[in-house]
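Q: Could you walk me through a protein model, one feature at a time? I would like the general idea and then the case at hand.

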Amino acid sequence: MITEQSYHYLADQDKEGDMKPRSKWLFISLFILMLGGIGMVILYQQRAKEEAELIRHEQERMALYLVNHYEGVEEIEFEKIENNKTTGSMTALLFINKNIEMEITFFQFNDSVDKYVVSWSQKNNLKAKDETAHQQNLENIKIKYWSNRW
């Protein structure tokens, strides 16, 4: 039979001894949620890094495309790249030689062929080459790449 004295002893045992089952589950749940949150942050950072690498590579491909298809390209500055979720395309806004504003739209990163839609506002300052060049490097071209990092 439990007397008042033994009841206090049992109640003190819960306070000083093991955690109550409800507290254990609360602690375990919070720990799992914390691990999941950390995992999601790491995954997001990894995907952002991969996307930044893809964007940088595509900017290099666009610069090569411009140098190989148009005369007088000496400097390219990428201002921004926008993603159109409706069409699935991406558009790069850039300036050539600091005065020719251009947009290049593409649908797939690292496509085997350069499927770009090119438009610019001052066409008379940029002339298409009669024959496409096959330059493989951008050593003589000054390029300022766009980055989505702040």
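A: Gladly, starting with strands: helices (H or I, at least four residues) and strands (E, at least two) are DSSP runs, numbered from the N terminus. Two strands pair if DSSP finds at least two bridges between them. This is a predicted model, in which local features need pLDDT of at least 70 and side-chain atom pairs count only at pLDDT 80 or more, while totals for chains, interfaces and linings use all residues. Residues are numbered from 1 along each chain as its sequence is written, and side-chain values use heavy atoms, with hydrogens and water left out.

Q: In β3, which residue is the bridge partner of Phe78?
A: Leu94 is that partner. β2 and β3 run antiparallel and are joined by 8 bridges. They form a hairpin with 4 residues between them, and Gly88 in the turn has a positive phi of about 80 degrees.

Q: Which way does β7 run beside β2, parallel or antiparallel?
A: Parallel: 3 bridges join β2 to β7 (residues 142-144). Here Glu77 stands opposite Lys144 in β7.

Q: What is the order of the elements from the N terminus on?
A: The chain runs α-α-β-β-β-β-β-β-β, that is, 2 helices and 7 strands.

Q: How many residues does the largest nonpolar core have?
A: In soluble globular proteins, nonpolar side chains tend to be buried together. A nonpolar core is a set of buried (under 20% relative accessible area, 1.4 Å probe, protein chains only) Ala, Val, Leu, Ile, Met, Phe, Trp, Tyr and Cys residues joined through side-chain atoms within 4.5 Å. The largest one here has 26 residues, and Leu66, Ile76 and Leu94 are among those with the most contacts inside it. At least two residues come from each of α2 (21-69), β2 (75-84), β3 (89-96) and β4 (100-106), with α2 giving the most, 7 residues.

Q: Which residues is Leu66 in contact with, leaving aside its neighbours within four places in sequence?
A: Contact means heavy atoms within 4.5 Å. For Leu66 the list is Val73, Ile76, Leu94, Ile96, Met102 and Ile104.

Q: What share of the protein chain counts as buried?
A: Of its 150 residues, 24% do.

Terms used. Buried means under 20% relative accessible area, exposed over 50%, partly exposed in between (1.4 Å probe, protein chains only).
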